[in-house]
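Here are my notes for you, written as a few numbered points. Have the structure open while you read, and look up each residue as it comes along.

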Amino acid sequence: MATTSRLSGLRNLSIEERRSAVAEAIGASADLLAPLSGSGLADDQADRMIENVIGQIGIPVGVATNVIVNGREVLVPMATEEPSVVAAASNIARMSRARGGITTTSTAPIMQAQIQLLDVADPHGARARILERRDEVLALADAQDPKLVEFGGGARDLTVRTVHGLLDDHLIVHLLVDVRDAMGANAVNTMAEAIAPLLAEIAGGRSLLRILTNLADLRLTRARIVIGADELGGARVVDDMITGAALAYDDPYRAATHNKGIMNGISAVVLATGNDTRAVEAGAHSYAARDGQYRALSRFEKNADGDLVATLELPMAVGLVGGATKSHPAARAAVALTEVTTANELAQIVVAVGLAQNVAAVRALAAEGIQRGHMGLHARNVAVAAGATGAEVDQIAAALVAGGAVRADVAETLLAEHRKR
């Protein structure tokens with residue numbers, strides 16, 4: 001277990017030295033993180049993962065430091081191409097340490113499959129008949145995955161809904177499955193296909209779609225962070241953060257960008273650990289619109305002491321078994337870095353980082369503005385794109401920031417002048 005995630009000066013080390021420092025912090029050999037060097041994946045491994053492979057694309061993997069989740073020091077891998085994301089999450093995590101870090105909870109890992117039933121003469125009667133034979137249907141579902149049942153998971157319940165639709169009404173059966181430490185798509189889809197003929201027979205109709213829903217609203221993870229007003233810049237900044245976050249609840253235009261900031265943190269950890277970013281993002285955004293209007297996923301308040309209290313709740317379907325989490329060497333190394341042993345623990349770290357990232361963005365908006373810190377880090381990318389190499393990168397980046405114009409044309413001019421000297 002990590003003795004501390006407070007790795008001061010990490011950014012001043014070389015990449016190899018950082019890997020060594022991070023491995024040492026969790027008491028592991030540097031070899032543990034070796035798969036994170038280079039692409040992390042050989043061509044033959046890539047060729048087995050998807051079809052028609054012609055190459056790979058590299059995404060930087062950084063480490064969020066200072067993170068405490070439920071009292072445990074955690075070093076968190078984040079895969080992202082966007083500057084400032086890792087630094088911002090690490091900075092807010094540092095601010096939260098005085099109040100004990102980030103507290104998280106999760107529900108059971110319940111995923112749901114939907115079976116669509118058509119041509120049903122008596123939908124209410126069909127619903128009753130299906131629920132009367134609930135145990136028979138659940139037993140058939142469990143028979144498809146005895147290994148999952150052996151590990152304590154399996155089919156848990158059925159619900160039946162009537163959806164009034166554009167073309168017709170749909171009778172929809174939801175199969176609820178405890179998927180344990182898997183993301184669960186393959187397990188619930190297999191079960192759904194197996195029970196569909198029986199459900200159609202009971203209902204007196206036919207089945208059509210048989211697939212999981214990514215609105216995993218029975219598999220929720222919550223995070224809470226408390227930060228003193230003095231850490232954030234004072235009482236006025238806290239009040240302005242709360243007011244700014246309120247707009248994201250009230251207005252879908254602001255909510256879209258507010259939630260994108262949350263996903264900057266969440267998707268980075270999900271991607272680094274080889275989980276399904278598209279499933280997590282779909283679940284998050286659909287959950288944000290669950291009352292009929294798209295809203296902010298997080299809430300910002302002030303406690304009796306004037307501290308900022310920010311909370312976040314959303315579906316978090318991530319796993320430790322199956323898929324790229326097991327087949328991708330770099331993903332395995334990233335998971336090992338977190339030192340988690342269950343999918344729920346990983347989900348809690350993911351949501352904790354999403355909340356930290358969100359607080360960082362809202363604070364920047366309420367204080368100095370979002371661009372100052374972001375463009376300072378982005379200047380290096382602009383310098384590289386202009387052709388800077390080696391020591392030139394930092395020199396041109398510094399000049400761009402000092403001049404207040406982080407633009408490609410300015411970088412090209414500065415680089416040309418630099419090389420004339």
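This is a predicted model: local features need pLDDT of at least 70, side-chain atom pairs count only at pLDDT 80 or more; totals for chains, interfaces and linings use all residues.

1. Which side chain does Q112 join through a polar contact of 2.9 Å? The partner is D217, and the contact runs from side chain to side chain.

2. Now for where Q112 sits. You'll find Q112 in strand β4, which covers residues 110-118. Is Q112 buried or exposed? Its relative accessible area is 7%, and buried means under 20%, so Q112 counts as buried. Leaving out residues up to four places away in sequence, Q112 touches H174, L175, L176, L212, T213, L215, D217 and L218.

3. Next, hop over to N66, in strand β1 (residues 61-69). N66 has a relative accessibility of 5%, and with the cut-off for buried at under 20%, N66 is therefore buried too. Its side chain has a polar contact of 3.1 Å with the side chain of R6.

4. What else does N66 meet? Setting aside neighbours within four places in sequence, N66 is in contact with S5, R6, L7, S90, A93, R94 and R97.

5. On to the empty spaces. Rolling a probe the size of a water molecule over the atoms shows where empty space is left. How many cavities of 30 Å³ or more turn up in a search of the whole structure? The search finds 1, and the largest cavity holds about 50 Å³ of space.

6. What lines that largest cavity? The residues are M111, N214, A216, A279, V280, G283, P315, M316 and A317. Helix α11 (residues 277-288) gives the largest share, with 3 residues. Sorted by class, the lining has 7 nonpolar residues, 2 polar ones and no charged ones.

7. Last, have a look at the second largest pocket, with about 200 Å³ of space. It is lined by 13 residues, and A79, T80, E81, S267 and A268 are the closest to its centre. Both α10 (252-272) and α11 supply at least two lining residues, and α10 has the largest share, 6 residues. The lining of this pocket divides into 5 nonpolar, 4 polar and 4 charged residues, whereas the lining of the largest cavity has no charged residues.

Technical notes:
Residues are numbered from 1 along each chain as its sequence is written. Side-chain values use heavy atoms; hydrogens and water are left out. On a 1 Å grid over the protein atoms alone, a cavity is a set of points where a 1.4 Å probe fits but cannot get out, and a pocket is an open set with protein on both sides within 12 Å along at least five of seven lines; lining residues have an atom within 4 Å of a point. Grid points are joined across faces, edges and corners, and a volume is the space filled by probe spheres set on the points. Helices (H or I, at least four residues) and strands (E, at least two) are DSSP runs, numbered from the N terminus. Ala, Val, Leu, Ile, Met, Phe, Trp, Tyr, Cys and Pro count as nonpolar, Asp, Glu, Lys and Arg as charged, and the others, Gly among them, as polar. Buried means under 20% relative accessible area, exposed over 50%, partly exposed in between (1.4 Å probe, protein chains only). Contact means heavy atoms within 4.5 Å. A polar contact is a pair of N or O atoms within 3.5 Å; within protein, one must be able to donate a hydrogen and the other to accept it, and residues adjacent in sequence count only if both atoms are side-chain atoms.
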